[in-house]
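Me: I have a structure open and want to learn to read it. Can we go through some features together?

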Amino acid sequence: MSWKDKHITFLTKKNFNVEEIIGILKNNYKKIEKEEDIKILDFILENFTKKDFSLLNTQELEYLEKTPSENWTKYLIHRQKFNFCENSEIIPNFPIYLIIEPVSACNLRCPFCHQVDDKFTSNKQMMGQMEINLFKKIIDEAHNNGTNAITLTCRGEPTLHPQIGEMIEYCSGKFIELKMNTNATRLNEKLIHQILKSGMTDLVFSVDSHLKEEFESLRVGANFEKVLNNIKLFKEIKEKEYPNSSCITRISGVNVGKQDPIKFKEFWEKYVDYVVMVKMLDRWDVYNNPEGSGGKEACHYLGRSLSIYFDGSVIPCDIDYEGRLSVGSIKNETIKNIWLGDKYTKMIFAHKNDKRDSYHPCDRCPIGT
Ligand SMILES: C[S@@+](CC[C@H](N)C(=O)[O-])C[C@H]1O[C@@H](n2cnc3c(N)ncnc32)[C@H](O)[C@@H]1O
Ligand code: SF4
């Protein structure tokens, strides 16, 4: 079981033709250049032959359905690395995944989110938006070093950035996966066209309920009808004007234990490609969680991804929303130097050697519980 299975429940299920997928993967062997990737492909095929299809969740199956088959092999190798990185002893020489923060502020106050922590939102140094040139510098280095996946999200609401459209356009055609998580309150026609033209592969609408009252009690500050209309508008424009778009839309709900998952799925499935619920993590005041309450095993973020906050600080993961674990700044170093640097390497080593508790807030972070 990967970390992902413990966190995400795919409410929408999909069927697939495994013989077809195996046939395509076998035909594409000769296109794979790296030795390491050939080994991963062997491993995937071995698992499929043993009827282990844990790699193929709704997310991957949606991609296969919407994308030409010549892209499948590269994609599945990437997803194997991404989903099962914690089982791997090999740390790549550059992050395969970057989570970039256009804006740290948010227009909502979801009760399970760190945006309810006043110490964070009232700290002027922690509130801001990324300069477009810094963003481009990050994207250039990531692209040149083989990062496969980028997500625009982190601590705030990305669509609050006045140049978010330009940022998305700048990523166009550079990555296997380009994703954005948004609360969908600020979607508009212009942004929808920019998203669809950019070739964004995954757009996640964070929406926790299908009932107005419940939704507005969880997405505090949002209006249910407005968000629903924005999501409908996205679907309408995509279907009418971009019929060949491979942008996959997802509704993601944080499961607070109140929602009816079946009705939630039935309602939202009409407007998006698939619906998931994620486990609610106690991370809105993570620094004050009880000492020792965190997971004990090495965190799955380490050795896979980095988060880059608006001001260029590089953090192992954005659950650390005050950036106490910062391992460097992209303003004066390269991503590669930070990734291979002492500070980050020591942290990975500590986690892998049962010393996770020596890092704060790793000692009380819910990842891995
Ligand atoms: C912090 S938000 C930032 C992006 C954007 N504002 C949004 O809501 O999608 C990123 C994702 O984290 C999720 N999230 C926030 N707090 C969470 C928690 N305590 N447990 C699990 N997921 C959470 C949100 O629902 C969202 O999908
Ligand atoms: S989950 Fe997203 S929309 Fe909600 S408060 Fe946090 S950052 Fe804002």
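This is a predicted model: local features need pLDDT of at least 70, side-chain atom pairs count only at pLDDT 80 or more; totals for chains, interfaces and linings use all residues.

Me: Which residues have the most contacts inside the largest nonpolar core?

Reply: They are Leu98, Ile100, Ile150 and Ile308. Pick Ile150 and look around it. Leaving out residues up to four places away in sequence, Ile150 touches Leu98, Ile100, Ala142, Cys171, Phe175 and Leu178. Leu98 and Ile100 are on both lists.

Me: How do I read two packed helices?

Reply: Packed helices are described by the angle between their axes and the distance between the axes. Here, take helix H8, residues 164–171, and helix H9, residues 189–198. They pack at an angle of about 10°, and their axes are 8 Å apart. Angles under 35 degrees count as roughly parallel, so H8 is roughly parallel to H9.

Me: Which residues make the contact of H8 with H9?

Reply: H8 gives Ile164, Gly165, Ile168, Glu169 and Cys171. H9 gives Lys190, Leu191, Gln194, Ile195 and Ser198. By class, this contact has 5 nonpolar, 3 polar and 2 charged residues.

Me: Now the ligand. Which residues are around ligand 2?

Reply: List the shell, then sort it by class. Around ligand 2 are Cys106, Leu108, Arg109, Cys110, Cys113, Gln115, Gly156, Glu157, Asn183 and Ser206. The classes in this shell are 4 nonpolar, 4 polar and 2 charged.

Me: What about the backbone? Which residues have a positive phi although they are not glycines?

Reply: Look at Ala184 and Asp354. Ala184 has a phi of about 65°, and Asp354 has one of about 60°. Ala184 is in the loop between strand E4, residues 177–182, and H9. Asp354 lies in the segment after H14.

Me: Is Ala184 buried or exposed?

Reply: Count the C-beta neighbours. A residue is buried with 20 or more within 10 Å, and exposed with 12 or fewer. Ala184 has 24 inside 10 Å, so it counts as buried.

Me: And is Asp354 buried or exposed?

Reply: Asp354 has 11 other C-beta atoms within 10 Å, so it is exposed.

Me: One last feature. Which peptide bond is cis?

Reply: Check omega. The bond from His360 to Pro361 is cis, with omega near 15°. Pro361 sits in the segment after helix H14, residues 342–352.

Definitions and conventions
Residues are numbered from 1 along each chain as its sequence is written. Chains are lettered from A and ligands numbered from 1 in the order in which they are written. A nonpolar core is a set of buried Ala, Val, Leu, Ile, Met, Phe, Trp, Tyr and Cys residues joined through C-beta atoms within 7 Å. Two residues are in contact if their C-beta atoms, placed from the backbone, lie within 7 Å. A residue is near a molecule or strand if its C-beta atom, placed from the backbone, lies within 6 Å of it. Ala, Val, Leu, Ile, Met, Phe, Trp, Tyr, Cys and Pro count as nonpolar, Asp, Glu, Lys and Arg as charged, and the others, Gly among them, as polar. Axes are lines fitted to C-alpha atoms, for helices over the stretch in contact, and angles run from 0 to 180 degrees between N-to-C directions. Helices (H or I, at least four residues) and strands (E, at least two) are DSSP runs, numbered from the N terminus. Angles under 35 degrees count as roughly parallel, over 145 as roughly antiparallel, 65 to 115 as roughly perpendicular and the rest as oblique.
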